[in-house]
Every structure is written in C-alpha cells, then in structure tokens.
Amino acid sequence: MLEAPLPTPTQIYVDAAGDERTLASFKGKVVILNFWATWCAPCVRGLPSLDRLAAILPTEKFAVLALSSDRGGADKAAPFLEKLGVKTLKADLDLRSKLALSMGLRGLPTTYVLDKDGMVIAKLQGIAEWDSAEYVAWFNALADQ
C-alpha cells in the first residue's frame, strides 16, 4: 500500500485492439495494472497467476491489464501470451514505456492497483500469486468500498 494515494497518470496506452486509451476510462472499477515484457523471466512466471485472477474477477467491477513493454509490440506480445497459455489477459502495449515512466516504474514486473476513484493505492515490484485467496478477498473488498 502506498502511504498516500496518487492520481492516475493521463498517459495513453494502446489496447489489444489497437485503440488508444487512458486509465481514466476505467473509473468506477478497481484496476490491476501489470507492466511486463517477454524477455523478463519473473514476468513470465507471474503472468499465468495474473491471467487466472483476470478470469475470476467480474469485469463489471474490475479491469486487469497487462501492458507489454516489448519493442516488437503486439506482433511479439500477443503470440507470446498465447504460447504461455494466457487466455483472459490481452496484449495491451505501453509504447516507449511512457505510462510506466509516468508512474515511476523502476523494474519489471511491476503491478499497480487503482481504486474505483482512479487513485493509485498500491504497488508491487516482483511477482505474486495474484489468484490466491488473500489477494482475491482484498480485491473484492476494494470493489465493495
């Protein structure tokens, strides 16, 4: 948890459909935002758990985003996720790492949690068992606030 919530950056990212988006479009939902890359071994280990979390959480209350930092863009990230067996997460892109830099990212993987008001309330650098009972309960409690 962050000591004090931070406003969500306004930087644009590109969703899996190729559309430009901002995190503000998810206001009213809890957002789990993960930055990853195909060359990052810890990212590869953590993505399946994040994918299972995305499959568990209802989309009307949550957005689970996995933003690739790969220079090859969707042509590299999408087939990689498919090969890894990821079924729910899409290959969203943080082109030139603009969103990551605006959020103060220092390494991969890093995951941010945004509350329903769009404030950044938590950050974890490294991997986690995102679909564990403890995380699922915490995310559900955030959505119910």
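How many residues of strand E7 (residues 110-114) are buried? Five of its five, so to speak a mostly covered strand; "buried" is under 20% relative accessible area, "exposed" over 50% and "partly exposed" in between (1.4 Å probe, protein chains only). Before you click on, note that this is a predicted model, where local features need pLDDT of at least 70 and side-chain atom pairs count only at pLDDT 80 or more, while totals for chains, interfaces and linings use all residues. Residues are numbered from 1 along each chain as its sequence is written, and side-chain values use heavy atoms, with hydrogens and water left out.

**Stop one: strand E7.** Select 110-114 and show side chains. In a regular strand the side chains alternate between the two faces of the sheet. Here, Thr110, Tyr112 and Leu114 sit on one side and Thr111 and Val113 on the other, and all of these are buried, leaving both faces of E7 covered. Strands (E, at least two residues) and helices (H or I, at least four) are DSSP runs, numbered from the N terminus.

**Stop two: the neighbours.** Click on Leu33 and look across to its bridge partner in E7, Tyr112. Now bring in E8, which is also antiparallel to E7, over five bridges. Leu114 stands opposite Val120 in E8. E7 and E8 form a hairpin with four residues between them, and Gly118 in the turn has a positive phi of about 85°.

**Stop three: Arg52.** Time for charges. The whole structure has four salt bridges, each a side-chain nitrogen of Lys or Arg within 4 Å of a carboxyl oxygen of Asp or Glu. Select Arg52 and Glu129: their side chains meet at 3.9 Å, N to O. The two are 77 residues apart, with Arg52 in helix H1 (residues 41-56) and Glu129 in the loop between strand E8 (119-125) and helix H4 (133-144). Asp131 lies in the loop between E8 and H4, 79 residues from Arg52. Arg52 is partly exposed at 40% relative accessible area, and Asp131 is partly exposed at 21%.

**Last stop: Asp144 and Lys61.** This salt bridge has its closest N and O atoms 3.4 Å apart. It joins helix H4 to the loop between H1 and strand E5 (62-68), across 83 residues. Asp144 is exposed at 57%, whereas Lys61 is partly exposed at 35%. Finally, select Arg52, Glu129 and Asp131 together: shared partners join them into one salt-bridge network.

Terms used. Pairing = 2+ DSSP bridges.
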